[in-house]
Structures are given as structure tokens and as C-alpha cells.
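Student: Got a model open here and want to go through some side chains. Can we start with the rings?
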Amino acid sequence: MTRSISAGASLATTVAGSTSDPGPWAHQFDTPTSITIDPYGYIYILDYNNDRVQKWYPGAPYGTTVVSTTMASPLAMQFDPSGNLVISNTNYHRVISFSMTCPSPTTTTTLPPTQAATPVCQTAIWNQTFSTLAGSMNTLGSTSTLLYYPYDVDFDGYGNMYVADYYNHRIQKFPPGSNTGTTVAGSSGSAGSSRAQLRYPSGIFVSPNQDMYILDTNNYRILKWQLGEPIGYVVAGGNGNGGAFKQIGQSFGMFVDQNYDIYISERGNHRVSKWFNGNTTAGVLVAGGNGAGNTDDKLNLPWGIYVEVNGTMFIVDRGNHRVQKWEAGASLGATVAGSTSDPGPWSYQLYDPTAITFDPYGYMYILDETNNRVQKWYPGASYGITVASGSMNLPVGMTFDRLGNLVVADSSYHRMISFNIMCPPTTTTTTAPPMLITTPLCSTASWNQTMSIIAGSTSSAGSTSTLLYYPFHIDYDGYANLYVVDHQNHRIQRFQPGSQTGTTVAGSTGSLGSSRAQLYYPTAISVTQNGTMFILDRNNYRVLRWQVGDTLGYVVAGGNGNGGAFTQITTSYGLFVDNQYNVYVSEYNNDRITKWLSTNPTTGVLPSMRFKYYLFLASPTTTTTQPPTSSQNQICATAVWNQTSTVVAGITSSAGTTTTLLNNPSDIDFDAYGNMYVADRANHRIQLFRSGQTTGTTVAGTSGSAGSTYSQLNNPYGISVTPNETMFIMDTTNYRVLRWQLGDPIGYIIAGGNGNGGAFTQIGISYCFFVDDQYNVYVSENSNHRVTVWSIHNRTAGTLVAGGNGQGNANEKLNSPWGVNVDSNQRVYVVDSGNHRVQRWDAGSSTGVTVAGSTSNAGSWSYQLSSPTAVVLDPYGYLYVLDYGNSRVQKWFPGDSYGRTVISATMSNPYGMKIDLFANLVIADTSYHRILSFGLLCPGTTTTTSLPPTVTTIPLCSTATWNSTSTLAAGSTNTIGSTATLLNYPYDIAFDAYNYMYVADYEDFSIINSLNYRRISCTSYRHHKTIPTRWSFILMEILLSIIFLFFYFIINNSIINENNQKVKEILKIIHIQPLINYLAWAIRYLIILTFITYSITG
């Protein structure tokens, strides 16, 4: 068989042949030996034992023979520049060529055009009197007109309806207007696990050209089944029920996107996995997978799924009675419909939802099973509206047909029903009045000292519409309506311009409570221009977002009781909402400000802000501006580095805590002003060295004092600095990364901080990290053998980007990773220190590729590394690897077979390395307690002689065929030899750009160049040692013969002599002496024959 392995993949996919099933049929091979590919994606396979070449489109069920003739052990095949098929016919000792011809394209009969789908109109409503398309109410059966618990439905491009007939183990096809079905997959009433059978199919997707994708639930697989074929092909799962990524659990929902990648909603595994088109052996996790639960990182018995073009998923989280929106690559979802773990019949609730689809305007349609209705819901809206409701019994599947009708699989009534679409004309709506323009304050503003009362009555507390009871806060919308936080009345009152009569728009007058329809001593409000209120509900310890006109609000901050955890807020009196709808809460009892992102209402963070006191004076003040930053010098293309280093901080072999000394420094970085920051690990501090100075200043941590407060560090191993002097610090023994602004007394946790562990809310022992341009933090977790990324938008949990499969040296594993670097394409380069290599993990990949070093093979050769610790990239794509165990820096182009030493010096345990603004290589020479700089040198470029122009390759035509009569391209049939015109078991062939053919002449230990008949010595290099040549073999034969003859004379003249008469008599009895004589003469003849052979063959 032939297998395809995608770049970065850990598993292969069979694209031709039948696994472990040799034979001569079109779908089989018998010991194939060679493969090539044409520009149209077809593969050509040399079928050794069938004496043929098969043309095969990857993934097709069979191939076609393009060349067949009598051959003897054909081993290699290649296209020459003219498109001819050239084959190394090994046991005939020849190379043969089949010439290509290009007949005119033939005319084929095309399928009729598919029907254009009618999009759902913008004013769509659906007739509540449905019609039955297939099956019969309450009548189950297996005939062509009956169904038995239908679970799903889809339509092809011709309007045919396909039904997953769950209990009949079949797929039924119904032509438009017909209620008589035809079984197109599976066997009616016969469950099974062969590729011709189904076992409780629950999902169906049909492409416009009638390829069916079938969710075969109890076989734990998805089959791709072409209409008219007797069997399907496994494209996902098929390895039993389980949680491994080569398996799928019990599943009832799937989605096939425009690339025919398959998203599977795995109910039994509480996750969604994605199986890429062409990779049928393993899926990747894209949502959930953290066990059953109702937090944003978990799913609970997911069912239906819909995926947008950009990869955003909408998952029917059935067990949580909600729909979760999950961005591609995100580790958390967001609720966009329903109320988490709160089932019910209200418009804001769902109850066991099962299916989802979308219209062209971005509205979701959710099949709400227990409520027997379809809800139309805009993602993120506070409630949905019912568009279809009727007498149904456990409806589980739903889709739009080609005309926009809503078709539902009414499972327990054993029928398919349709709610027909209607498109009433657009109605005229009253638009909101234009918002008022805010009058800016004039520079000479003053205010009338005589006030006017615009709401409430002096010293009159009350709960009527004209009275207030301890109003705490106010705000205005874009129409000048006044909103008042009526604290003691537990409500928000709105007063229109000029009116002193208020309307309650949130809360319930005089009725405190903790439901989402109630408030409990509210203290502050922020109102958007369009009337969306953000209410600080003090004694409920939460912030509610509440749209005017709605009956309830939604928690956007807190809501988890009174406390100091970042999932909680305490007694609070102030809030601010920015233009991104992020909420800042001033927490009175926690003495802090927390920021709650609009994308993550479950956890707050300490915002990165510097607090200052401002004094406003009548005259303008003068401010001191920062000096201009320095630009980064680019590494020249001819860069070399001075091998004589300069000590730029610390003193060699002198550890200490003073401003000029360091103690085991482990990393360095530079800001845009050329200042150097040193992670002074054993001093538990960060030292700042101004450009050109060797005296440092402590800018984070406390010298010599380890601790876990925000003002302390404990063995900081890593440092990264932004151009504007913001530090990111790897605080190793506190298992956290801190963000620390230069000049601030404390830092803020942006990764980890929850102790040592393997949960994604924790980081393990870590020595290195990388901060990208978006301030996302990649942490190389040494003890967890993984790399996690902590998004700037989510500081509570990291996402796995490399490793995480335990310790090991396979491509999906890491072993004690150290340094990490990320390029502009989000490719992660990991210094896999325990495996003595550098691994590249492409974005989204589940496996890495070795781009430097030799896996688990430490050493000092140019292709090896020994416990490397750091890696940086230059603009030309080269890696610079700090080779800790060899005290050197290796320059390595990713994927090259060896690196080049650019720095080699006397160092002691060098851990960290960076390139400064002048492109010097700066190294933390840890155990010598110093920082070294190796200056950049840029010698002039050398002139190279260009090669002559290459031969133009003739592309294969799409109709190519090959002459079945071959011509001899090299060698002579059945004639072995080592001359320039003969071959001795040729094994392989290739062509260069000048049309030279190269033949691997196996028994002659040579490579033959066919145009000038030049024989090239075939030498393999490893460890700078060579395989012996022909002369070496002759010399070895002579040496062995001399050694043998030497021992012969000893035996004959020393052991077997007159003084050893007894031994001599014994040897005569067993006739050993004549045998020794014969062997000696045989070796003499062998030497003579060797010389004669070599003189004849050259």
C-alpha cells in the first residue's frame, strides 16, 4: 500500500492499495517499490510483482494501469524532463524508458446541474402547521415508507432528502415530493460493523455531489460513502469507543466544513474533535476535553455543532442547556444562547437542546428538544424567539432544505416534518431618534451656584415613581435620559429629559434579591449610548449587564460571593466600562481594581496600570520626555562574531549581592534604549544595567530575599523586556510569570501562580519563556514536558501548543524543554534539552519536527548538541542555539543536517542568550557569575561563479499515456558489468536540471552519470569516516591472508615438529595438516584472482 503523511503529522493515511492484502486487482499492489507524482496530484506506483505502473488519485478506491511489460525486479521509477517514464529494471541489468504521448481530451458526460438553494429571506417566518415528508406518526417500521427513530436529515444539491434511520441501521434517500425511500447505505434492520453495514447511525451530511458522511454511532466511526457504492470508507474513528485521539466516544453530532474536515461532537468524551481531510488516523482536540462540567472550559454531553468559515464553533452543550461559542484555537467557550445549568421554558432558557443551524444573517436556529420548539437567537442576545412549535416527540435533528423550509427529525414519532417558510413583505419600522450631540466643556466654564432638582424631592425618601431612597450614582444615555441608582429601593430609575417621574428599568422596587431579575443595594451604574446598563450590584457581589426593556440582566463580573479570589469581588462602590465593554471594578474591601474582559466574564485580572496622583495647576507644567529609542541593528548576511568576549556585567568567578556582582545569572534581555536586564537568579532579583555601565540597579525583587509576594521573586530564571520597559519575569520557584512595569514596586501574575502542577491553570518547574508581539506568553514547562501559551485575553489558564504527552523522544513528546522562541507564523521552536535537539511545532500541530541536533544523541560533532538551553532567530531564518554542554553557539538553518559553530569559548554552565541592539551575541555565563558579549563582525561578501542555465522540464499533459514498448536508456539486457556501458543490479535513478541521469549501480558501489558515462565513487559520511573502497577491500584480503599464513607456519613449524611428536601424531590421525595445506593454497589463488579481476575491470 501507499501512505500519505502530512507535514508535522504523527500518523499516516493510506492513499493507495489495500493494507496487508497483496494482489493483481485494481485496488491492490504486490510489493510496490517506487512512487512519483504528476502536477495534477496523481501518484504513480511501480508495482514490483505485478510488472506494472499504476496511476492513482490519492484516496481513490482503485488505480489504473498506465504501463505494463515483462520486467525482472523493477526497483525504481522516475519521470525524465520530457515526461517519459523511466524504470530501473534491476535483475535485467538495464534502465528502460516508456515514451509519453498526449492524445486530445475526450468528451465526458457531466451530471445535471444542482438546484440553487434559496436563501432564507430576512423577514422569514414559518408556518406552524407542518407537513409530513416521510414516515408516519407513531408508526415505526422498516419498509420503504416507514422510519424507526430517525435522528438526522440533510439534502443534496438536487433536493433529495437523506435520513439517518437510527433503529433501522440505514440511510434512506427520498426524492423531492416522494415519501418512498431507497436504502443508500447500510442494510435495513441489520446492524453490523463491516464497511457495508451501520450500527445506529445518528448523523448525516451530504455534499452537493452526493458524497455521504455518516456518523455511525455504535461503531464509533464516520464513514464516507459515495452514492451508489456498496461500501463506505472510514474517515474518522473506527478504533472502538475511547478517549484516545485515534478514537471517538459515543457521538450524536458532527459538522463537515468546506474543506471536508470533520468536527465530531463527542457526547461520551465531553469534547469536540477535528479530523482533517486526508488524515483518517487521529483527530485533534478543538473544544472541551476537560471532563464533564459547566465552566467555560468544559462541556457536558455535547450534541449538535455548527462551524463558521473561520473555524468558530457553535456547540449545543446539551447537558448544560446552552450553546457555547468556541473560537478556533481557544481554550474556553462563551455562552451565546441558553442559561448555564438552568433548564426551562422561558425565552432565555433551553431544555435539552440537540441541533443547531444558521441563516445568512448570523442568526442561530436551535432545536429545543424538551420544549418541542425551534428558537431563533442572535449569538449573545439575552433571549431567543420561538419560530416553530408543534406536537413533536423528542425531535433531535434539524436542517434547512433547499427552499428554506425547516425540516425536523421528529424521532419518537418516527417521521420527518417540514415547517414551510413564508416571506412577508418588509414592514416599516420606527427608527430611534438621533442621539443628542454632547456639548463639550468650554475652556472658560463656570457653573451657576443655584441648583435645580431634576429627580427626587428634598428630604423625602420613598419608593414611588417621583421619589428616591438614597440615590448613589447616576449616568446618561445618548438620548439624555437620566439613570439613577436608587440604592435603598434596590432598583434603577430612568428619567426622560425634563421629567421628574421615573420608570424602573432594572430591579424590583423595594424587593431585594439575588435572582437575575433583582438587585441588592446597587451602588454604581454605567450606561452606553444605546441604553445598555452595567450595574454594580453591591450585596450580590456582581456586575450585571442589563438591556433597557429586558426583564433580567446577565452577570459580567463576580457573582461568586464575597471574597478575594479573582473569580469574586467584594463590597464595591465604583465601576468603569471602556469602549470595548471591559469592566473595571473598584473593590473597596479588597483594596484593588480588577478588570473583567468582555470576552471572559468568569475571572478578573489586575490591570496593567501605573497609579499616579495628579495636581492640576492654573499654568501648564513641563514634562520630561523619554529619550528616543535605538533601532535594532540587523544581523548582516555575512555575520561572524569575535571569539574574544567582553564581560558586560558581573566579575568572573565572583558571586555576590552588590551592584557590580551577580550570583548565577540565568537570562538577559534588552529594552529599546539598549539597557540590559539580567535575571540574577540566586539573588532573587532583576538587575538593570544602563547601556555601557557595569553597575546595576535592582528593578524587581529584593536582593538576597526570596519570597512569594508580588514584590518578591524566588529563583527568577527568565526575563523578557518590551521596548517600553515592561518586564516579564519567569519566577521559577513561585511557578508563575509576572508582568512588572519598570518603576513599580510590585508585579502582576499573568501566567500560573497556582502552585506546581500539570493542570492548565498551573505551570510546572519552568526555566524559559517567550513573549510575542501581542504579549501572549509561551512557557516552556521543564517538569511537565510541554509548552503552554497564556493569551493576553486569558490569564487564568494556558493552552497546550507543544508536547504535553509525557516525557519521551518521539515527535509528539518533549523531554525537559528549556528555551523557546516563536516566529511570525506562530511556529514554536523548543529547545528539547533532555533530547539534545531543537523541535519546531507548527501552529496547531500535534507533533514537532527536529530542526537541529540529533535526537537522544548528545555529542560535540557539528550535527549534535549536548543539553542545549537557549535559541534565538535571525531575520534570515537561522537558529542560534546555545549548546550548554559544549560551551558553544551553533548557527543552524532549520532542517539542515548540521550546524556551524559561531562562538566557542571557556564558559561554565551558560544558560541564557540574546542578541542586543547592535546584533552582538550576549550570553549569561551562569556559574562564572557574569554576562559575556561577543561583538558582531561583517566581512565583505565573496563573488561566486553561477551555474549554466538548466534544461526546461516539459510538464506532463493531463491526458498523458506512455508507449508500452520501452527503449534501453542504460545498461544491456542480462549483461552484468562494471564498464562505462554496463550495470550490475541498478537500484535507483534520478535526473538533475541539466537532464543528466544518475543510476545507483548497486553491486559496483558507484553512481553512474549517464550523459558523460562518468563513474562517481559512492561514499557515505558519518562521524567523518568513510566506507572502504575497492582497493581497501583488496588490501584487507591480502592482510587477512598474510595473518592466516603466519599462523599456518607457526602451527606447521612450531607446534607440529619433532619436539611435539605426540601432538603431531594426533593431528595426522584427524588429517588436519593436509587441510591446512589446502586452505593455504586456496588463499594464494584468491589473492592472484583478485588482482586479475581488478586489472580487467579497471
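Tutor: Arginine 545 sits over the face of tyrosine 581, 5.4 Å from the ring centre. Over a ring means that NZ of Lys or CZ of Arg is within 6 Å of the ring centre and within 35 degrees of the ring normal. This is a predicted model, in which local features need pLDDT of at least 70 and side-chain atom pairs count only at pLDDT 80 or more, while totals for chains, interfaces and linings use all residues. Residues are numbered from 1 along each chain as its sequence is written, and side-chain values use heavy atoms, with hydrogens and water left out.

Student: Which ring does arginine 592 lie over?
Tutor: Phenylalanine 566, at 4.8 Å from the ring centre.

Student: How many aromatic pairs are there?
Tutor: The structure holds 38. Rings of Phe, Tyr and Trp (its six-membered ring) pair if their centres lie within 6.5 Å; planes under 30 degrees apart are stacked, over 60 edge-to-face, and the rest tilted. One of the pairs is tyrosine 44 with phenylalanine 79, edge-to-face at 5.2 Å centre to centre and 85° between the planes.

Student: Where do tyrosine 44 and phenylalanine 79 lie?
Tutor: Tyrosine 44 is in strand E4 (residues 43-47) and phenylalanine 79 in strand E7 (residues 74-79), so the pair ties together parts 35 residues apart in sequence. Strands here are DSSP runs of at least two residues, numbered from the N terminus.

Student: Is tyrosine 44 buried or exposed?
Tutor: Buried, at 1% relative accessibility. Phenylalanine 79 is buried too, at 13%. Buried means under 20% relative accessible area, exposed over 50%, and partly exposed in between (1.4 Å probe, protein chains only).

Student: Which residues form the aromatic cluster?
Tutor: Tyr148, Tyr149, Tyr151, Tyr166, Tyr167, Tyr200, Phe252 and Trp303 make up one cluster.

Student: Switching to leucines. Where is leucine 921?
Tutor: In strand E71 (residues 921-925). Leucine 921 is buried, with a relative accessible area of 0%. Its contacts (heavy atoms within 4.5 Å) include Trp641, Tyr880 and Phe934, leaving aside residues up to four places away in sequence.

Student: And how far is leucine 921 from leucine 936?
Tutor: They are 15 residues apart in sequence and 7.5 Å apart in space, C-alpha to C-alpha.

Student: What about leucine 968?
Tutor: Leucine 968 is in strand E75 (residues 967-971) and is partly exposed, at 46% relative accessibility. Leucine 968 and valine 86 are 882 residues apart in sequence, yet 9.5 Å apart in space, C-alpha to C-alpha. Leucine 968 touches Arg94, Val95, Ile96 and Thr973, not counting residues up to four places away in sequence.

Conventions:
Helices (H or I, at least four residues) and strands (E, at least two) are DSSP runs, numbered from the N terminus.
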